[in-house]
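Hi there,

Here is the structure I promised to pass on to you. Have a look at it first, and my notes follow below.

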Amino acid sequence: MNALKTFLAITLFLAAGQTALAQRPVLTDEEQVAEMVTKEIDEVFQSEDFLKKKNKKYADVKGTMVIDIGVVQNGKVSTFFKVDSDVKNIDFINFMSSYILDHKFKFKLQKQQRYKIRYSVTF
């Protein structure tokens with residue numbers, strides 16, 4: 001019985017430690033936020049899932065897009081706005097918009113904080 005209590009205590013301790021480590025950092029500096037957004041969106045556009053979906057329906061799409069990405073407190077994408085684009089395929093732009101709007105970043109912002117990041121991508 002004593003061994004069971006010790007095992008449960010250790011298990012709870014480890015679970016609490018993993019939860020603390022799993023929390024996303026809170027970013028306060030606009031430059032840090034821009035750097036992290038750029039890094040994560042680069043990873044998204046190079047991910048196997050994105051490339052598979054893009055190549056399945058939009059393999060012929062080539063060009064450059066300049067977009068504004070709005071990020072809110074909990075790390076969610078709040079807005080996607082196409083600033084400029086060589087890409088004229090509206091369906092692809094809508095695909096990009098919904099794909100990015102579904103993304104959740106690996107960081108948080110301070111309460112009531114919002115940032116808009118300009119991002120350029122070439123396909």
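Which residues have the most contacts inside the largest nonpolar core? In this predicted model, they are Val37, Phe45, Met65, Ile69 and Phe92, and the core has 30 residues. At least two core residues come from each of helix H2 (30-46), strand E2 (64-72), strand E3 (77-85), helix H4 (90-101) and strand E5 (114-122). H4 gives the most, with six residues.

Leaving aside residues up to four places away in sequence, Phe45 touches Phe50, Leu51, Met96, Ile100, Tyr119 and Val121.

Next, H2 itself. Its buried residues are Val33, Val37, Glu40, Ile41, Val44 and Phe45. Viewed down the helix axis, the buried residues of H2 fall within an arc of 135 degrees, so they line one face. Glu31, Glu35 and Gln46 are exposed on the other side of H2. The cover over the buried residues of H2 includes strand E1 (26-27), helix H3 (48-57), E2, H4, strand E4 (108-109) and E5.

Then there is the sheet. Three strands make up an open, antiparallel sheet in the order E3-E2-E5. E3 and E5 are at the edges with a single partner strand each, so one side of each has no neighbour in the sheet. E2 and E5 are joined by nine bridges, and Ile69 has Ile117 in E5 as its bridge partner. H2 packs on the sheet, touching E2 and E5, with its direction at about 40 degrees to that of E5. H4 also packs on the sheet, touching E2 and E3, and its direction makes about 150 degrees with that of E3.

Best wishes

Key:
Residues numbered from 1 in each chain as written. Predicted model: local features only at pLDDT ≥ 70, side-chain atom pairs only at ≥ 80, totals over all residues. Heavy atoms only, no water. Core = buried A, V, L, I, M, F, W, Y, C linked by side-chain atoms within 4.5 Å. Buried < 20%, exposed > 50% of the residue type's maximum accessible area, 1.4 Å probe, protein only. Helix = DSSP H or I, 4+ residues; strand = E, 2+ residues; numbered from the N terminus. Contact = heavy atoms within 4.5 Å. Arc of directions from axis to C-beta. Pairing = 2+ DSSP bridges. Axes fitted to C-alpha atoms, helices over the stretch in contact; angles between N-to-C directions.
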